[in-house]
Amino acid sequence: MRVRDSMTRDVITVTPTTPIHEVASLMANHGVSGLPVLDEKGSVIGIVTEADLLVRQKPRTRTSWWRLFLDGDRMAREFQRAVGTTAGEVMTREVISIGPDLPIEAAAAILHEQKIRRVPVVTDGALVGILSRGDLVKALAGAPPRTAAPASDARLVEAMRACIAAEPWVPRTLVVEVVAGVLTLWGLVSTQAEHSALETMARSIPGVRGVDNQLVVHSALPSGL
């Protein structure tokens, strides 16, 4: 699935001169948390988010004069965002954008890693849509359940061992057994979180029909062992 399959195409936008009260009204009336800001050519030059508007509600604190020598440009920008009256003055200017042919999994990773709630979709510099976390949830809900071709028990053991080797938090002393597609884990782990995560890891392997988690959490052992 590609971004074009899940993005919202009818995007509500504003211009740099749109008054802040109008931006807030558009967000409230349409139930969105961010609006792309477009220049006269239709190119994305920024985005106004709820966070950008909330900055205006925070009381400004007096800044030490010596910061002027270290980061005067940033101080000026913070002031403009705090007291600005138009979208262009308060918007976030460093905008991350993606293309419509990007795989949906890659787009989801960008939203997660960058800690953003939405990302403009651009083709040849022009806005063609926007992809939000809500769009990704809808895509997940509409996706057919994953099915896997039957795999031999030996291949399932290899797959689980590869997953274990890729995660530094997993003890390397665990024993993995598979019989008729049911994967059994044996060994000692440090925490309940590891115990639970390893069972999730096993269930995520395509072809595993069931998981028998025999792992023991170290803290649960009787004293003296």
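Two strands count as paired here if DSSP finds at least two bridges between them. On that basis, this predicted model contains an open sheet of three strands in the order β5-β6-β7, with mixed pairing. The largest nonpolar core has 19 residues, and α8, β5, β6, α9 and β7 each give two or more residues to this core.

**Sheet**

- β5 and β7 are the edge strands, each with a single partner strand, so one side of each has no neighbour in the sheet.
- From one strand to the next, the twist averages 10°.
- β5 and β6 pair in the antiparallel sense over five bridges.
- Glu-177 stands opposite Thr-184 in β6, and the bridge partner of Val-179 in β6 is Val-182.
- The hairpin of β5 and β6 has two residues between the strands, and Ala-180 takes a positive phi near 55° in this hairpin.
- In a regular strand, side chains alternate between the two faces of the sheet.

**Helix α8**

- α8 covers residues 153–166.
- At 1.5 Å a residue, its 14 residues should span 20 Å, and the end C-alpha atoms of α8 are 20 Å apart, which agrees.
- The buried residues of α8 are Leu-156, Val-157, Met-160 and Ile-164.

- α8 lies across β5 and β6 and runs at about 150° to β5.
- The buried residues of α8 pack against β5, β6 and also α9.
- α9 lies across β6 and β7 and runs at about 160° to β7.

**Nonpolar cores**

- In soluble globular proteins, nonpolar side chains tend to be buried together.
- Within the core of 19 residues, those with the most contacts are Met-160, Ile-164, Leu-174, Val-176, Leu-183, Leu-185 and Leu-198.
- α8 gives the most to this core, with four residues.
- Apart from its neighbours within four places in sequence, Val-176 is in contact with Val-157, Met-160, Arg-161, Ile-164, Leu-183, Thr-184 and Leu-185.
- A second, separate core has twelve residues, including Val-14, Val-23, Leu-35 and Val-48.

Terms used. Residues are numbered from 1 along each chain as its sequence is written. This is a predicted model: local features need pLDDT of at least 70, side-chain atom pairs count only at pLDDT 80 or more; totals for chains, interfaces and linings use all residues. Side-chain values use heavy atoms; hydrogens and water are left out. A nonpolar core is a set of buried Ala, Val, Leu, Ile, Met, Phe, Trp, Tyr and Cys residues joined through side-chain atoms within 4.5 Å. Buried means under 20% relative accessible area, exposed over 50%, partly exposed in between (1.4 Å probe, protein chains only). Contact means heavy atoms within 4.5 Å. The expected span of a helix is 1.5 Å times one less than its number of residues. Axes are lines fitted to C-alpha atoms, for helices over the stretch in contact, and angles run from 0 to 180 degrees between N-to-C directions.
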